[in-house]
Amino acid sequence: MAYSAKIGPSILNSDLACLGSECTRMMDCGADYLHLDVMDGHFVPNITFGHPVVECLRNQVGPEPFFDLHMMVARPEQWVRPMAAAGADQYTFHLEATSNVGNLIKEIRESGMKVGLAIKPNTTVEEMAPWAGQIDMALVMTVEPGFGGQKFMEDMMTKVSWLRSQFPSLDIEVDGGVGPDTIHKCADAGANMIVSGSAIMKSDDPRSVITLLRNVCAEAIQKRSLDR
C-alpha cells in the first residue's frame, strides 16, 4: 500500500484577511497540505478567489506547503496554466464540469501538477472509474460543493469503500463536514486524505485536532494492511 494519512485544512474557513499567516499557522500546527477552494459563481453559487491569490500565498509561505487546488469552476481547462504558474501542486477538477476528462488530465500533467478528480454527491462513483488509473487522487465530496458548514453525508462512504477496494493504492480524499465526530467513518471506509475546515480552523487547539484526525486514519490504514 503506497498511501499514507494526510490532513489538509481547508483555508476558506480561516480569517481571510490574514490568509498568508493562517496558512503558516496551519503548517506550524502539523498540517500535511493546504486545501484551497476555488469557486467561480457558475459551477457553484459562491465566489472565492483565483490564481492571483494563490500566487500571493505561494510567495508568502514559500515552496514547501503542498497546495491542493479544489477547482469548483465551470471551465476547469481555463485555469490550468494560470494555477500552475501561480504555484499550485495539485489541480483537482470536477468530473461534472468537463466533457473532455482525458485531455484535461493530460494538460494538468504537462503543466507539472498532480491530478485530482472530484465528484459531487449525486454523481456515481462508477463514472470516475475509467479515469482512476490516470489520476493521483480521487475526491469524494461528503457535502454539496459550494458552501461551508454543511452536515456530513455518511452515505458517501460507500463510494470511498468501493474506490479503495477497486484501486488499493489510490489517494482518496474526503471533503465536507469532516472532523473528530466523523473521521472514524471516513478512515474505516478507506479515505486517507482528509480535508477539514471549521473543525480545525475554528478550534482553540488545531494541532490536537490535526493529530487526532491523522492518528485515526493511520490506525485504519495499518489495520487494513494487516487484514490483507
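A residue is called buried when its relative accessible area is under 20%, exposed when that area is over 50%, and partly exposed in between, using a 1.4 Å probe and protein chains only. Helices (H or I, at least four residues) and strands (E, at least two) are DSSP runs, numbered from the N terminus. The model you are looking at is predicted, so local features need pLDDT of at least 70 and side-chain atom pairs count only at pLDDT 80 or more, while totals for chains, interfaces and linings use all residues. Residues are numbered from 1 along each chain as its sequence is written, and side-chain values use heavy atoms, with hydrogens and water left out.

Let's start with the whole chain. The protein chain has eight helices and eight strands, and 52% of its 228 residues count as buried. Along the principal axes, the C-alpha atoms fill a box of roughly 45 × 45 × 30 Å.

Now follow the chain to helix 8, residues 206-227. Its 22 residues reach 32 Å from first C-alpha to last, close to the 32 Å expected at 1.5 Å a residue, where the expected span is 1.5 Å times one less than the number of residues. Which residues of helix 8 are buried? They are P206, V209, I210, L213, V216, C217, A220 and I221. These residues lie on the same side of helix 8 because they cover an arc of only 135° around the axis, the arc being that of the directions from the helix axis to the C-beta atoms. Turn to the face away from this buried side and you will find the exposed residues E219, Q222, K223 and L226. The cover over the buried residues includes strand 1 (6-9), helix 1 (19-28), helix 6 (183-189), strand 8 (193-196) and helix 7 (198-201).

Next, have a look at strand 5 (residues 114-119), where five of the six residues are buried. Strand 5 pairs with strand 4 (residues 90-94) in the parallel sense over five bridges; pairing requires that DSSP finds at least two bridges between the strands.

Finally, visit F43, in the loop between strand 2 (34-39) and helix 2 (51-61). F43 counts as buried because its relative accessibility is 16%. Leaving aside residues up to four places away in sequence, F43 touches M72, V73, A74, H94, E96, A97 and K120, with contact meaning heavy atoms within 4.5 Å.
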